[in-house]
Amino acid sequence: MEKAITPLYVAKGDTIELIAPSFGCTTEPYLTRLEASIKRLKKEGFKINEGKNIRRNDGVASSAPPKERAEEFMDAYLNKDSSLIISVGGGEVMSDMLPYVDFEAIKKAKPKWFMGFSDNTSLTYLLTTNCNIKTVYGPNAPSFYEKEFRFAQKDALRVLRGERHFEGYPKYYGKSNRDWPALYRPRANMVKTIVPYNYDSERKGTLLGGCLDVILTLVGTRFDKTLEFLKNRGPVIWYLEACDLSPLEIRRGLFQLKEAGYFDSANMFLLGRHLCGVWEHNEIMGVNKYNAATDILSPLGVPLLMDIDLGHLGPSMPIINGAEAIVKLEEGNIIIDYV
């Protein structure tokens with residue numbers, strides 16, 4: 001069975017590259033959080049290289065024109081003096097830089113960690129499926145502004161340092177972090193309830209996924225190497241969360257991926273807290289975020305864990321794309337052990 005490449009784990013004194021492949025940090029609360037996060041990461045012992053686009057808003061719904069964003073990413077990835085790249089933001093149109101990304105050069109380069117969330121699925125997913133390199137679907141750089149790391153920020157550094165055992169969090173935030181004051185330390189006060197379906201026991205497999213909105217834009221493009229990646233990969237544990245999709249769009253999206261053959265080797269599905277779950281119209285014509293999944297995926301006969309600690313209603317567990325892991329539900333909590 002083929003395994004994805006693991007970059008060298010990150011250590012104190014290493015250099016982190018900050019880039020803006022989607023949005024830059026030009027508005028609040030993100031600009032203030034970015035500045036605080038840079039100071040906090042330096043205090044943690046890291047050196048910081050700031051990309052040229054991280055404080056720009058010169059592109060269409062993005063930090064810079066597509067080619068310039070791709071150049072910033074390639075410069076960061078090919079820099080031999082750094083070991084980790086973190087995106088400074090999510091956004092909407094990151095995919096339009098993909099024609100300018102040199103995936104062949106990345107395959108030949110020394111593998112390096114890339115971490116980002118939401119729209120950054122364009123890179124976390126493609127670096128894994130196109131280049132067979134592990135990535136981290138985890139917090140963007142401005143998330144590290146708190147004086148004491150906790151939840152996803154703490155676990156992201158644990159992931160990048162090579163720790164293997166991770167557990168979900170007791171509660172979650174009821175709102176998106178964009179609703180908070182810049183340096184507010186939010187309370188997780190919403191009780192978490194993971195909804196299992198067809199769950200029988202722990203499952204082992206290669207973790208693969210990200211933001212469903214983004215993955216759907218990649219299907220059938222020249223960048224879509226998913227089926228090639230899945231060959232000789234063994235069982236796969238899919239993790240997915242949705243940002244802008246309605247329950248009906250989630251249902252159609254899962255149908256599309258299923259019929260495209262993405263789920264042929266699925267051994268489990270981990271579905272996050274989709275944002276549609278807090279919308280006023282979170283059920284449309286009888287379709288909600290739960291039956292949108294079960295109606296499409298139940299014929300596959302594998303477990304589904306829904307409303308796990310993943311998604312735009314954080315805290316969201318950082319997950320290593322392309323890594324082998326054992327996942328289980330234990331006393332109402334999700335446990336991920338990397339192998």
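Residues are numbered from 1 along each chain as its sequence is written. Because the model is predicted, local features need pLDDT of at least 70 and side-chain atom pairs count only at pLDDT 80 or more, while totals for chains, interfaces and linings use all residues, and side-chain values use heavy atoms, with hydrogens and water left out.

Strand β1 (residues 15–19) runs parallel to β2, and 4 bridges join the two. Within that pairing, Glu17 has Asn49 of β2 as its bridge partner. β1 also pairs with β3 in the parallel sense over 4 bridges, and here Leu18 stands opposite Ile86. In a regular strand the side chains alternate between the two faces of the sheet. For β1 both faces are covered, with Thr15, Glu17 and Ile19 buried on one side and Ile16 and Leu18 buried on the other; buried means under 20% relative accessible area, exposed over 50%, and partly exposed in between (1.4 Å probe, protein chains only). The chain then passes from β1 through helix α1 (residues 30–43) to β2 in a right-handed β-α-β crossover, a term that applies if, with the strands pointing away from the viewer, the path from the first strand over the helix to the second runs clockwise.

Glu68 belongs to α2 and is partly exposed, with a relative accessible area of 27%. Leaving aside neighbours within four places in sequence, Glu68 is in contact (heavy atoms within 4.5 Å) with Lys52, Asn53 and Arg56. With Arg56 there is a side-chain to side-chain polar contact at 2.7 Å; such a contact is a pair of N or O atoms within 3.5 Å, where within protein one must be able to donate a hydrogen and the other to accept it, and residues adjacent in sequence count only if both atoms are side-chain atoms. The C-alpha atoms of Glu68 and Ala20 are separated by 9.9 Å, although the two residues are 48 residues apart along the chain.

Most of α5 is covered, with 8 of its 10 residues buried; among them are Asp155, Arg158 and Leu160. The cover over these buried residues includes β3, β4, β5, β6 (165–167) and β14. After α5 comes Gly162, with a positive phi near 95 degrees.

A further open sheet has 8 strands in the order β6-β16-β15-β10-β11-β12-β13-β9, again with mixed pairing. Here β6 and β9 (195–197) stand at the edges with a single partner strand each, so one side of each is left without a neighbour in the sheet. The twist in this sheet averages 30 degrees from one strand to the next. Strands β12 (residues 266–271) and β13 (residues 304–306) run parallel and are joined by 3 bridges, with Leu304 of β13 as the bridge partner of Phe269.

The loop between β8 (190–191) and β9 holds Lys192, which is buried at 11% relative accessibility. The side chain of Lys192 makes a polar contact with the side chain of Asp309 (2.8 Å). Other residues in contact with Lys192 beyond four places in sequence include Tyr169, Tyr172, Arg273 and Asn333.

Finally, the cysteines. A search of the whole structure finds 0 disulfides, a disulfide being a pair of cysteine sulfur atoms within 2.5 Å. For Cys25, the closest cysteine sulfur is that of Cys243, 16 Å away and too far for a bond. Cys25 is buried at 2% relative accessibility, and Cys131 is buried at 7%.

How values were computed: Pairing = 2+ DSSP bridges. Axes fitted to C-alpha atoms, helices over the stretch in contact; angles between N-to-C directions.
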